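Hi,

Here is the structure I promised to pass along. Have a look at it first, and my notes on what turned up follow below.

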Amino acid sequence: MANNRTFYSEILTEHNLHPYHKQLIDGANLTLEGVNPSCGDDVVIQLKVDDKGTIVDGGYTGDGCAVSQASADMMMDLVIGRSKEEALKLADIFIRMIKDPASVTDEEKDQLEEAASLEDVAHMPSRVKCAVLGWHTLEEMFKDDKSDPEDDRS
């Protein structure tokens, strides 16, 4: 367990001190703010999605605790270069890992790469909303995106 916590701390610290994706995205065509009112975490997710549904660039801005900011940064690492569907699948796996760890297989965790290091957050109730803030915002963003004609299948 100590190794997992050390790994968690190192990755969390790295993504907070040197966030790769904490920036405004020029030409972003999807933007949504997510706020955790219970602690004040705030994250604005920006994505540039091409006409094929591929996330070609992404970033975030905002303020909040180390967990919310690092989680958003790791999420961007995972979703840039992927399709909307792949990003939503990763969001589903991540949120389940945090909220219902037993429902996630080792193979699914492997798909999360560094973000899997946040799995211990599941045992920290006060940090659960922090960890999933960016991921929930991504899900909401795509749920609200009406620009994809294939989404009109109701």
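Glu113 and Arg82 form a salt bridge, with 3.8 Å between their closest N and O atoms. For that term I went by a side-chain nitrogen of Lys or Arg within 4 Å of a carboxyl oxygen of Asp or Glu. The two partners come from distant parts of the chain, 31 residues apart: Arg82 sits in the loop between helix 2 (66–79) and helix 3 (84–99), Glu113 in the loop between helix 4 (106–111) and helix 5 (125–144). Helices (H or I, at least four residues) and strands (E, at least two) are DSSP runs, numbered from the N terminus. Arg82 counts as partly exposed because its relative accessibility is 25%. The cut-offs there are under 20% relative accessible area for buried and over 50% for exposed, with partly exposed in between (1.4 Å probe, protein chains only).

Before you go further, please keep in mind that this is a predicted model: local features need pLDDT of at least 70 and side-chain atom pairs count only at pLDDT 80 or more, while totals for chains, interfaces and linings use all residues. Residues are numbered from 1 along each chain as its sequence is written, and side-chain values use heavy atoms, with hydrogens and water left out.

Back to the charged pairs. How many salt bridges are there by this rule? The count is five. One of them joins Asp92 to Arg96, with the closest N and O atoms 3.0 Å apart. Both residues belong to helix 3 and are four residues apart, about one turn of the helix. Asp92 is partly exposed, at 35% relative accessible area, and Arg96 is partly exposed as well, at 22%. Asp92 and Arg96 also belong to a network of salt bridges that takes in Glu108.

Another one is between the side chains of Lys109 and Glu119, at 2.9 Å from N to O. This pair, too, links distant parts of the chain: Lys109 is in helix 4 and Glu119 is in the loop between helix 4 and helix 5, 10 residues apart. Glu119 has 27% relative accessibility, so Glu119 counts as partly exposed.

Now for the rings. The structure has one aromatic pair. Phe94 and Trp135 count as stacked because their ring centres are 4.4 Å apart and their planes are at 10°. The rule takes rings of Phe, Tyr and Trp (its six-membered ring) with centres within 6.5 Å; planes under 30 degrees apart are stacked, over 60 edge-to-face, and the rest tilted. Since Phe94 lies in helix 3 and Trp135 in helix 5, the pair ties together parts that are 41 residues apart in sequence. Are these two buried or exposed? Phe94 is buried, at 0% relative accessibility, and Trp135 is buried at 0% too.

Of its 42 residues, Leu47, Phe94, Ile98, Leu112 and Trp135 touch the most other members. A nonpolar core here is a set of buried Ala, Val, Leu, Ile, Met, Phe, Trp, Tyr and Cys residues joined through side-chain atoms within 4.5 Å. Helix 1 (2–17), strand 2 (41–49), strand 3 (55–63), helix 2, helix 3 and helix 5 each give two or more residues to this core. Helix 5 provides the largest share, nine residues. In soluble globular proteins, nonpolar side chains tend to be buried together.

Ile98 is worth a click. Apart from neighbours within four places in sequence, Ile98 is in contact (heavy atoms within 4.5 Å) with Leu118, Glu119, Val121, Ala122, Val128, Ala131 and Val132.

Then there is Ile80, in the loop between helix 2 and helix 3. Ile80 has a relative accessible area of 25%, so Ile80 is partly exposed. Beyond neighbours within four places in sequence, Ile80 is in contact with His21, Ile55, Val56, Asp57 and Gly58. Lys48 is 32 residues from Ile80 in sequence, with 9.1 Å from C-alpha to C-alpha.

As for the overall picture, the protein has five helices and three strands, running α-β-β-β-α-α-α-α from the N terminus. Of its 154 residues, 45% count as buried.

Cheers
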